Amino acid sequence: MPYEVQGVIARGKGEPVSLETVVVPDPGPGEAVVNVQACGVCHTDLHYREGGINDDFPFLLGHEAAGIVEAVGQGVDTVAPGDYVILNWRAVCGNCRACLRGRPWYCFNTHNAKQKMTLADGTELSPALGIGAFLEKTLVAAGQCTKVDPAAAPAVAGLLGCGVMAGLGAAINTGGVTRGDSVAVIGCGGVGNAAVLGASLAGARRIIAVDVDDRKLEWAREFGATHTINSRGADPVEGIRELTDGNGADVVIEAVGRPETYKQAFYARDLAGTVVLVGVPTPDMTLELPLLDVFGRGGALKSSWYGDCLPSRDFPMLIDLYLQGRLNLDGFVTETIALGEVEEAFAKMGRGEVLRSVVVL
């Protein structure tokens, strides 16, 4: 029988979210129902509420989650009821040209559950990033469930489902940071500080955190930044160059998603260095750079989507590192909240008061 549970709904652009009854169908072929135990409040959820992704309202928000598989549909053999899983929003197909070339993290045919969750009156919901996890149970494609060690608390484990993985992966996977590198991270919210943590984990010798908020810069130091620059009162390009013997950083990670900060990243890298864009721009933004500078500086300009992660490879490994005390995921959890407090969590996010508010069910 379908499940009736409470979920957080965004009904219209900029409107406060509401807590409403959601009908979750039994899992069909290739699908799973998951009891959500915790879900982080990510900036992407706010983008959905503001109409910054698309206008397919009403949205069922939440996507950065961990929980227990309750039921699976026909043909599912990768997870079973009782499995502890992190949800991911890029279930790889295994058959597209990227997957067949051995690059499944670039999968061009990722998929979600085929059935729709609905409101009590039958109105179909658009789940955020194909998940929709601000509710007690959610329906996903079975490939969106990645089994991990249940010793990791859900409030921590779920963060790998989006923002923390995006930042860690931007440094380790996309940026290829390795021991001895110099790294600069522009923008030190949840994703940026995860990039700082990733650079530290990879053995970078110098990690420069840049932001306009001293509180975020202090958090960056806790995650491994060796130097900080408040760009409200200092030129970050000059500051990064001064801290890298006048050369610029080997890898610069832009975690803001704005043209002006991307230009800072571009000019703050060393010759033949790498720029990684992990901040999400809005559709109206454009970038203008002298083509001669792009040619003359060499190196690589990359974008990082979900940290170029492969959940089946990366999630279990990172959870193991966390359980060994080698990966500070606890530092991202600023507070735990109830489902009915998501709107206030958005306000705290806007004021820069939290790295992550996490809904615990």
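Which residue is the bridge partner of V333 in β18? I began with this, and found that R356 is the bridge partner of V333 in β18.

**Entry 1: ground rules.** I noted that the model is predicted, that local features need pLDDT of at least 70 and side-chain atom pairs count only at pLDDT 80 or more, while totals for chains, interfaces and linings use all residues. Residues are numbered from 1 along each chain as its sequence is written, and side-chain values use heavy atoms, with hydrogens and water left out.

**Entry 2: strand β18.** I took helices (H or I, at least four residues) and strands (E, at least two) as DSSP runs, numbered from the N terminus, and I called two strands paired if DSSP finds at least two bridges between them. Strand β17 (residues 333-337) pairs with β18 in the parallel sense over four bridges, whereas strand β3 (residues 31-40) runs antiparallel to β18 and is joined to it by three bridges. I then looked up burial, where buried means under 20% relative accessible area, exposed over 50%, and partly exposed in between (1.4 Å probe, protein chains only). Strand β18 (residues 356-360) is largely enclosed by the rest of the structure, because four of its five residues are buried.

**Entry 3: the open sheet.** I traced six strands that form an open sheet with parallel pairing, in the order β13-β12-β11-β14-β15-β16. Its edge strands are β13 (227-230) and β16, each of which pairs on one side only. For angles I used axes that are lines fitted to C-alpha atoms, for helices over the stretch in contact, with values from 0 to 180 degrees between N-to-C directions. The twist from one strand to the next averages 15 degrees. Four bridges join β15 to β16, and T274 stands opposite A300 in β16.

**Entry 4: helices across the sheet.** Helix α5 (residues 190-202) lies across β11, β12 (206-211) and β14, and runs at about 170 degrees to β11. Helix α8 lies across β11, β14, β15 and β16, at about 150 degrees to β15. In α8 (residues 259-267) I listed P259, T261, Y262, A265 and F266 as the buried residues. Seen down the axis of α8, these fall within an arc of 160 degrees (taken from the directions from the helix axis to the C-beta atoms), so they line one face of the helix.

**Entry 5: nonpolar cores.** A nonpolar core is a set of buried Ala, Val, Leu, Ile, Met, Phe, Trp, Tyr and Cys residues joined through side-chain atoms within 4.5 Å. The largest has 86 residues, and those with the most contacts inside it are F134, L160, L168 and I253. Helix α4 (residues 163-174) gives the most to this core, with six residues. A second, separate core of 15 residues includes I186, I229, A249 and F266.

**Entry 6: cysteines.** I searched for disulfides (pairs of cysteine sulfur atoms within 2.5 Å) and the structure holds zero. The sulfur of C96 is too far for a bond, because the closest cysteine sulfur, in C99, is 3.7 Å away.

**Entry 7: an exposed residue.** A120 sits in the loop between β7 (118-119) and β8 (126-127), and counts as exposed with a relative accessible area of 60%. Leaving aside neighbours within four places in sequence, I found A120 in contact (heavy atoms within 4.5 Å) with T21 and V23.
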